[in-house]
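Work through the exercises below with the sequence and the 3D structure at hand. Each task is followed by a solution in steps.

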Amino acid sequence: MVQEEFNPPQGVAQTVGHELKRILAPNPSPMTFKGTNTYILGKSNLAIIDPGPDSDSHLASIEAALERGQRLTHVFVTHSHVDHSPLALRLAARHNASIYAYGPSGSGRSQVMKTLAEAGLKDSGEGIDHGFSPDMALSDGQVVETAEWKIAAYWTPGHLGNHMCFKAGETVFSGDLAMGWASSLISPPDGDLTDFMASCEKLRALDAKTLHAGHGAPIMDPKARLEWLLSHRKGREAEVLSALKKGASTVGKLAAEIYVDTPPALMGAASRNVLAHLVDLTERSIVSPVGALHHDGLFSLNAKAG
């Protein structure tokens, strides 16, 4: 699903809801679509959701959107990839605001992903903002409110261990968990498919009317989109299992067999997605690593699963 019609101007604050504006950051790429969506919520005491990359021009665009009498008080970060969190520190310091998120980079990582990291698997994909650390670490379900707005924070790991979604009324800011333009990248050791599937179910239970994602246009039918995301992952799983029925294989060989139409520049991300499926299948005792769990190792289908 590609949202070709989504083409807002960079750096221009556009109204997308009641007391809600969106500014597109100047960082388009194959991983970020048209760029990162930064949201401004409120009337006088404002909250920023996902300030975006450390960009002078984006900082200027955010500040230009603040009207007379408005004050930036809260900065919420869905997760600490370099396209979402780095500007938080400068923005908060300039406006004496506080930064709210699940926790610093590395927090929320599952035990199996810690094992892969200890075995030498390095960060990949969209890049980690390793220095990120919020002023206020939010717990799952915690509510932050002012006289104007109320935001409930929900821990939704999967795309990244410290990923959160933020619910304001019937709107959810879904970060990179659920987007309309593409499926979310799950890149171990920070992306965990088992967590991702559970987080999609959790997001579906929030019964939002609209999802405002980190990239792309608003999602006006959240349940349908989440059902598609879950179905998409189950389809990829079926492809991995079908390939393994031919015999034990590696991540690279499986990715080449499954992602036949993927451009070479995106094959690294495709391989990480395959690894995410293999780890999830291992956790569910459907697949087993040949020897110790390792990203460069062999994986085989368990006899009972075959």
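**Exercise 1. Which residues is L278 in contact with, leaving aside its neighbours within four places in sequence?**

Step 1. Contact means heavy atoms within 4.5 Å.
Step 2. With the neighbours within four places in sequence left aside, the partners of L278 are V240, L244, V251, L254, V287 and F299.
Step 3. A note on the basis: this is a predicted model, where local features need pLDDT of at least 70 and side-chain atom pairs count only at pLDDT 80 or more, while totals for chains, interfaces and linings use all residues. Residues are numbered from 1 along each chain as its sequence is written, and side-chain values use heavy atoms, with hydrogens and water left out.

**Exercise 2. Describe the largest nonpolar core.**

Step 1. A nonpolar core is a set of buried Ala, Val, Leu, Ile, Met, Phe, Trp, Tyr and Cys residues joined through side-chain atoms within 4.5 Å. Buried means under 20% relative accessible area, exposed over 50%, and partly exposed in between (1.4 Å probe, protein chains only).
Step 2. The largest nonpolar core holds 24 residues, and L244, V274, L278, V287 and F299 have the most contacts inside it.
Step 3. At least two residues of this core come from each of α3 (111–118), α5, α6 (251–258), α7 and β14 (299–301). Helices (H or I, at least four residues) and strands (E, at least two) are DSSP runs, numbered from the N terminus.
Step 4. The largest share, six residues, is supplied by α7.
Step 5. Another core, of 19 residues, lies apart from this one; I62, L91, A97 and F132 are among its members.

**Exercise 3. Is E237 buried or exposed, and which residues is E237 in contact with?**

Step 1. E237 is located in helix α5.
Step 2. E237 counts as buried because its relative accessibility is 16%.
Step 3. Neighbours within four places in sequence aside, E237 is in contact with H277, D280, L281 and R284.
Step 4. For contrast, take A256 in helix α6: this residue counts as partly exposed, because its relative accessibility is 48%.

**Exercise 4. In what order do the seven strands of the open sheet lie?**

Step 1. Two strands pair if DSSP finds at least two bridges between them.
Step 2. The order is β1-β2-β3-β4-β5-β6-β7, with mixed pairing.
Step 3. β1 and β7 (136–137) are the edge strands, each pairing on one side only.
Step 4. β1 and strand β2 (residues 20–24) run antiparallel and are joined by three bridges; T15 has K21 in β2 as its bridge partner.
Step 5. Strand β4 (residues 45–49) and β5 run parallel, joined by five bridges, and A47 stands opposite H74 in β5.
Step 6. Strand β5 (residues 71–76) is largely enclosed by the rest of the structure, because five of its six residues are buried.

**Exercise 5. Which residues lie closest to the centre of the largest pocket?**

Step 1. On a 1 Å grid over the protein atoms alone, a pocket is an open set of points where a 1.4 Å probe fits, with protein on both sides within 12 Å along at least five of seven lines; lining residues have an atom within 4 Å of a point. Grid points are joined across faces, edges and corners, and a volume is the space filled by probe spheres set on the points.
Step 2. The largest pocket has about 490 Å³ of space.
Step 3. Its lining has 21 residues, and A182, S183, L266, A269 and N273 are the closest to the centre.
Step 4. α5 (222–244) and α7 (267–283) each supply at least two residues of this lining.
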